[in-house]
Amino acid sequence: MNQMRNKRDQAGIACPKCGCRHFYTTHTEPLRDGRLRRRKMCRYCRRRIVTYEVVLPPPSSQRSP
Ligand SMILES: [Zn+2]
């Protein structure tokens with residue numbers, strides 16, 4: 001559930017100016033709390049936005065001894 005919601009939030013990012021959903025990622029910076037700060041730029045109007053993305057750890061059920 002949480003993973004689906006996270007995916008949906010990332011896909012729901014839209015440019016505040018022109019409303020498109022296509023961005024170039026220009027910079028990625030890991031934060032101390034485990035999140036990623038990404039600078040993105042709209043492909044069409046070049047508007048720059050910053051997103052904070054939570055990186056989820058891989059499911060432990062796939063871990064093999
Ligand atoms: Zn735009």
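Let's start with contact range. Among contacts in the protein chain between residues at least 6 apart in sequence, 28% join residues at least 24 apart. Two residues are in contact here if their C-beta atoms, placed from the backbone, lie within 7 Å.

A word on the source. This is a predicted model, so local features need pLDDT of at least 70, side-chain atom pairs count only at pLDDT 80 or more, and totals for chains, interfaces and linings use all residues. Residues are numbered from 1 along each chain as its sequence is written.

Now the layout. From the N terminus, the order is α-β-β-β. Helices (H or I, at least four residues) and strands (E, at least two) are DSSP runs, numbered from the N terminus.

How much of the chain is buried? Of the 65 residues, 5%. Buried means 20 or more other C-beta atoms within 10 Å of the residue's own; exposed means 12 or fewer; partly exposed is in between, with C-beta atoms placed from the backbone.

On to the sheet. The three strands form an open sheet in the order E1-E2-E3, paired antiparallel. Strands pair if DSSP finds at least two bridges between them. E1 (23–30) and E3 (48–54) are the edge strands; each has a single partner strand, so one side of each lacks a neighbour in the sheet. On average, neighbouring strands are turned by 25 degrees against each other, direction ignored. Those angles come from axes, lines fitted to C-alpha atoms (for helices over the stretch in contact), and run from 0 to 180 degrees between N-to-C directions.

Take the pairings in turn. Seven bridges link E1 and E2, antiparallel. Glu-29 has Arg-37 in E2 as its bridge partner. E2 and E3 are also antiparallel, again over seven bridges. There, Arg-38 stands opposite Thr-51 in E3. The hairpin of E2 and E3 has five residues between the strands, and Arg-46 in this hairpin takes a positive phi near 70 degrees.

Where does Arg-39 sit? In strand E2, residues 35–42. Is Arg-39 buried or partly exposed? Arg-39 is partly exposed, because 15 other C-beta atoms lie within 10 Å. Beyond its neighbours within four places in sequence, Arg-39 contacts Thr-26, His-27, Arg-48 and Val-50. Tyr-24 is 15 residues away along the chain, and its C-alpha atom lies 8.5 Å from that of Arg-39.

A general point to keep in mind while you look at the strands. In a regular strand, side chains alternate between the two faces of the sheet.
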